[in-house]
Amino acid sequence: MSHISWLRARRRPLSSPLRRHEALIVELPGAMRTPVTQALLAWVRRYKPECIFLMETKTNLEGIMGISRMLGYQYSSIIPSEGIQGGFCLLWNSEVEIKVIEAKEGVFEVVVTEPITNLIWNLFAVYGRPYENEKREFWEMMEAKVSTCSNPWLIVGDLNLIAYPWDKNGEEENTLLEKIPSHEEIWSVVAAMHPLKAPGPDGMPGYFFRRYWEIVGNEVIHMVQKFFISGRMEGQLNHTFICLIPKEENACSVDKFRPISLCNFAYKILSKIIATRLREVINKLICPFQSAFLPGRRIAESSILTQELVYTIKKKKGKGGLVALKLDMPKAYDRLEWNFLREVLRGNGFDDQVTNIILECVRSISFSVLINGVPQKKFYPERGLRQGDPLSPFLFLLCHDVLSKLILKKQVPGQLHGISISRSAPESTDTKGSDSAFWKGVLRSREILCTNVMTMVGRGDSIDIWRQPWIPWLEYHEFIATMDQVRRKFPQLRTVVDISNSDGSWNSDIISQIFGESMGDRICGIPRLPQSDTDVLVWKGATDGVYTVRKGYEATQLPRSVEDSNLWKNIWKQGLQFRLSFMIWRASMGCLPTRDRLGFVEDKLCPVCEANLETTVHIFWECHCARALWFSGPLVAMGFAGCLFDGVWKARNELLYKSKVINIDEVWNSILRKYSEGVAVQEEDLKGCKNIVPSRAGGKISDSTEVLCVSDAFWKNGVAGLAVGLVHLRENRVLWFARKESAESPAEAKMLAIRWGLQLATRRGFKSIAVAFDAMVLIKAFHEQKYS
């Protein structure tokens, strides 16, 4: 069920039918009784669409008629498959009157008559041509049809407008990438970058620029804007130190060191601006098979799909065979040719100005290796990308994606065939990622989504009034039970539009008839988005309503006790090195492969004491080695616990796998050294942080500002306490105000306080007002213009 699409006519406005019809457009690879058709049957039973357009069923006339009977539709128009290709059908029931004018070559032209208003309009159900040499002729034919159509018309289906939706960049994207950054954009990048990363040749970390932005800000802004105007970068700006980090203790050869690029912070401002803009467009350029570094894609999917493909290859029987190639690219960043990068950028639709800006960041680089902290002779590379440059991952993805696109171009005309993990799954030729058809997993996730997602009402036309939760105080099962009770009396209702006035407000008369006066009044009090806004899905467990993997994971877990919550806070929020926090977490959760957890290991005794069962508790607490170390150190320090766990586990593994006898003094010295280094780094970080000006999302207050409006709110059990302070900047006096008000959430309370503060300021005649508040979620929403 990979394509569900609607398209409004471009040559004239579409006159929407007075009564809303439910329709489903589906690409259905395969015949009856497959997981796909079973899933489709479940959708039909749940949503009861009046009309369905099925594409690429690859099924003959008898098979499609069987599908029609299975789904329970009385009427149909069918274009059978030709061999193993095609197979299209339009199915509808008696609730809609449809007259078929023509059905051929994947296109159904029908006339729809409204049963109540007798309004007549034309529907074109289309499966567009996927091949370049057929597209022009096909769309000329479609243009001729719609241009002679006297009724309102609608085109639905899989339009195949371009061969690959990720093939080309457009003018809008190029304009975004090459526009001159504003003062606010430059400052937001500086404020968002880590303040204490190791500095480059300029010796200035991020907190220096934050702390002295009033002094150096204008120079930085001038430098950034000049680069975007001229496309040229001063060589010294892009000079980079290479710091060699040992991969192990006592490293003695070049391959035992990891090179890290230390760029100038000023250069990273330029690179970060370009990378941030590139992030917004790259999702459209990269094939869906790539799953790394892109928002909304997870690299773990590649591992799952690869395992499924290997299993499919192993169980293959009969004639013919399947083959998989694993391509490894050592030193891939270092070997990327700049000429190839230039052609890739041009091939993806980047214009000359954007291409030159990006290549200038890559080609103007120079290096010096740090040996004992001293930079050596400067040298100039002729190929490769830098590790640590914010731009590098995106540029590498664009180049890496060329192979995927070449494979796809061979696959479309049938010169190359992928591997399907099941009859209903798409073919896979590349496992950097895939739109995999794991329906069981999707169905398992449905309950989590239903329970934790609700809709904020805007226009209301996309909300199924009966099945899509839109009443915020009702849990999902309560919502469904409530709606099932009233649905029998009002079966004609379809969406929230049906209980709304023409101006986008609630229709209190209809709502009271449906839900009763008490609940109806409460529903009419639900805040709505502006009528021009689309309906918005929100995740109830997030303060900003945005779903994250973490929030989804938390929704699947049982509520933790207060003690558990405090434990995790102590582990993750003590300013520890992430490696130590992760080690404590693994030990606490029992994730370490101790012998008691390994079923294939016969000897379950602790390899250190050889007297007791090796468990996590034993190896880190009960064993004589661990107890000797514990009683020698500061028990109350979480950092010491992390270092001890790490040291004991390393000593245990060296004994088990390298037969290295444990020396308590040596282990103790190693633990103490790591702990002391961690304490020193933490103190240094705190010392540096004292000199950092807090990040301001809104920038600085201008000289023309008359009053600063400071607001805050307290919320509990539906009641909000609002506080507002008006700071008169010119007269150096402050006015304070406070009151109570009803609110549904802490976020709403904050917004009410802000609104009240602005009202107080405008009533007093102030024209230039600055607003200050401490809710970063709301600040982010304001700047992203997401006011839901």
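Modeller: Let's start at lysine 247, which sits in the loop between strand 10 (239-246) and strand 11 (257-263). Helices (H or I, at least four residues) and strands (E, at least two) are DSSP runs here, numbered from the N terminus. Bear in mind that this is a predicted model: local features need pLDDT of at least 70, side-chain atom pairs count only at pLDDT 80 or more, and totals for chains, interfaces and linings use all residues. Residues are numbered from 1 along each chain as its sequence is written, and side-chain values use heavy atoms, with hydrogens and water left out.

Lysine 247 is partly exposed because its relative accessibility is 49%; buried means under 20% relative accessible area, exposed over 50%, and partly exposed in between (1.4 Å probe, protein chains only). Together with Arg258, Lys331 and Arg335, Lys247 makes up a positive surface patch. Patch members have over 30% relative accessible area and no salt bridge, with like charges joined within 9 Å and nonpolar side chains (Val, Leu, Ile, Met, Phe, Trp, Tyr) within 5 Å. Lys and Arg count as positive and Asp and Glu as negative, while His and the chain ends are not counted.

Lysine 268 is another story: this residue of helix 8 (residues 265-285) is buried yet has no salt bridge, and the nearest side chain of opposite charge, aspartate 202, is 8.3 Å away.

Now for the paired charges. There are 23 salt bridges in the structure, each a side-chain nitrogen of Lys or Arg within 4 Å of a carboxyl oxygen of Asp or Glu. One of them joins aspartate 646 and lysine 674 at 3.0 Å, N to O. Aspartate 646 belongs to helix 22 (residues 638-658) and lysine 674 to helix 23 (residues 664-689), so this pair ties together parts 28 residues apart in sequence. Aspartate 646 counts as buried because its relative accessibility is 15%, and lysine 674 is buried too, at 18%.

Glutamate 741 and arginine 755 also pair up, their closest N and O atoms 4.0 Å apart. That links distant parts of the chain, strand 18 (residues 733-742) for glutamate 741 and helix 24 (residues 746-763) for arginine 755, 14 residues apart.

Note on methods. Accessible areas come from the Shrake-Rupley method with a 1.4 Å probe; for residues, only the protein chains shown count as cover. The place of a charge is taken as NZ of Lys, CZ of Arg, CG of Asp or CD of Glu.
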